[in-house]
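Subject: Structure for you to look at

Hello,

Here is the structure I said I would pass on. Please open it first, then read the notes below with it on your screen.

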Amino acid sequence: MKKFLAFVRKEFYHVFRDRKTLLMLFGLPIVQIVLFGFALTNEIKNSKIVVCDYAKDAASQRIIQALEASSSFEIEQSLLSHRQIEDAFRQGTIKLVVVFPDGFNDDLQRFNKAQIQVIADASDPNTATTLTNYVNNIVLDYQKELAPTNPLPYQIVPETRMLYNPELKGATNFVPGVMALVLMLVCVLMTSVSIVREKELGTMEVLLVSPFNPFLVIISKAVPYFALSLVNLTVILLLSVFLLDMPFNGSVLLLFAESSLLILTSLSLGLLISNSTDSQQSAMLISLMGMLIPTMLFTGFMFPLENMPLPLQVIANAVPSKWYYIIVKSIMIKGLGFGAIWKETLILAGMTTFLLVISFKRFKIRLS
């Protein structure tokens, strides 16, 4: 028995000395609990909305106060016209607008019936449906508040309008996300593995000592994946439009230009991974684990990013697919031009430049 206890004690020492094992034992469960328990939820909180109050009477102000008190909404601003509402949706900073018509309280007191208009950005149909349900529940609660003061039932009818996706097709949400996921995974994985394979086979040294510029050797290995990714993108778009009835309201040329930028970002990331690893298995593991999970969790097509804690939102800003997802939705669904997505384009271009500089710098050090 003493020998057995000695062996157990020895194994405990091994476990406690190995930091990687401790990280797997205690770090991974904590991260999973935090992510799936607090951050990754379909419940929507602090969603930015605007109010267009033509009535400015007691009833409209009471409902606005209830909206402000709800943890689901954060009233960004109050607008005065439908023209401003369209501009706000085009900017992509709001999810929903509540419009109170002129004479809202008078209609309610005189006819016991009034209408409000609820306009939602249905490019994300799940979020739009959930937010409109939240508004309907708040309006229903206000009706119940009025009931004790009047024997006749009050009726406030929300007129719901879904912008960009009136049929609430799910494809408008997941197709842009899947496009980002496929392009990121394929480009990063293929580029990193192909270069590391040359290292393992020993042919990379032969290429580097040839008269050809070493940087051009690396770039020439990325060019085929760039071209094949564009073919991949074309197939995805054709299937989305003709098989899934995905709307395409914007410029095809602009979408291909923006997709080319994401492909360049992914290829740069693949180059960086290949310069940091010496085996295909390591490159494949880093590419899959480093791309698959962040792209699925922090792009925004599976879980609303605004619900996540601030540190996770900051992490999401470093994921290229988040910005590409916004770009694709703006072009394909909303039909917007470059003027609406220049900020996201600039961020992707900055990421690409940063990754390329780091990749070539590390590559140059290895050559010396």
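Start with Ser266, which has a relative accessible area of 0% and is therefore buried. Keep in mind from here on that this is a predicted model. Ser266 sits in helix α10, which covers residues 252-276. Which residues does Ser266 contact, leaving aside its neighbours within four places in sequence? They are Leu183, Met184, Cys187 and Val188.

The chain as a whole

The chain has 368 residues, and 43% of them count as buried. It is built with 14 helices and five strands. Take the contacts between residues at least 6 apart in sequence: 78% of these join residues at least 24 apart.

Helix α3

Helix α3 runs over residues 58-69, which is 12 residues. From its first C-alpha to its last it reaches 16 Å, close to the 16 Å expected at 1.5 Å a residue. Which residues of α3 are buried? They are Ala59, Ser60, Ile63, Ile64 and Leu67. These residues lie on the same side of α3, because they cover an arc of only 135° around the axis. The spacing has a simple background: an α-helix has 3.6 residues a turn, so residues three or four places apart point the same way. On the face of α3 turned away from the buried side you will find Ala58, Glu68 and Ala69, which are exposed.

Salt bridges

How many salt bridges does the structure hold? There are two.

One is formed by Arg62 and Glu145, with the closest N and O atoms 3.0 Å apart. Arg62 belongs to helix α3 and Glu145 to helix α6 (residues 125-146), so this pair ties together parts that are 83 residues apart in sequence. Are these two residues buried, partly exposed or exposed? Arg62 has 31% relative accessibility and so counts as partly exposed. Glu145, at a relative accessible area of 42%, is partly exposed too.

In the other salt bridge, the side chains of Asp121 and Lys334 meet at 3.2 Å, N to O. This pair also links distant parts of the chain, as Asp121 is in strand β4 and Lys334 is in the loop between α13 (320-333) and α14 (338-367), 213 residues away. Asp121 and Lys334 are both buried.

Strand β4 and Gln117

Strand β4 covers residues 113-121, and Gln117 is found in it. Is Gln117 buried or exposed? Its relative accessibility is 16%, so Gln117 counts as buried. The cut-off you need for this step is that buried means under 20% relative accessible area. Not counting residues up to four places away in sequence, Gln117 touches His82, Val97, Val98, Val99, Glu159 and Arg161. Cys52 is 65 residues from Gln117 along the chain, and the C-alpha atoms of the two are separated by 9.5 Å.

Leu237 is located in helix α9. With a relative accessible area of 7%, Leu237 is buried. Apart from residues up to four places away in sequence, Leu237 touches Met179, Phe248, Leu255, Phe256 and Met332. Phe248 is 11 residues from Leu237 along the chain, and their C-alpha atoms are separated by 9.2 Å.

Helix α9 also takes part in a nonpolar surface patch. Which residues make this patch? They are Phe174, Val178, Val231, Val235, Leu239, Leu243 and Leu244, and the patch is about 600 Å². Helices α7 (171-201) and α9 (214-242) each supply at least two of the residues. The most comes from α9, which gives three residues. Phe174, one of the patch residues, is found in helix α7. Its relative accessible area is 38%, so Phe174 is partly exposed.

Those are my notes.

Regards

Terms used:
Residues numbered from 1 in each chain as written. Predicted model: local features only at pLDDT ≥ 70, side-chain atom pairs only at ≥ 80, totals over all residues. Heavy atoms only, no water. Helix = DSSP H or I, 4+ residues; strand = E, 2+ residues; numbered from the N terminus. Buried < 20%, exposed > 50% of the residue type's maximum accessible area, 1.4 Å probe, protein only. Contact = heavy atoms within 4.5 Å. Patch = residues over 30% accessible without salt bridge, like charges linked within 9 Å, V, L, I, M, F, W, Y side chains within 5 Å. Areas by Shrake-Rupley, 256 points an atom, 1.4 Å probe, with all protein chains shown as cover. Salt bridge = Lys/Arg side-chain N within 4 Å of Asp/Glu carboxyl O. Expected span 1.5 Å × (residues − 1). Arc of directions from axis to C-beta.
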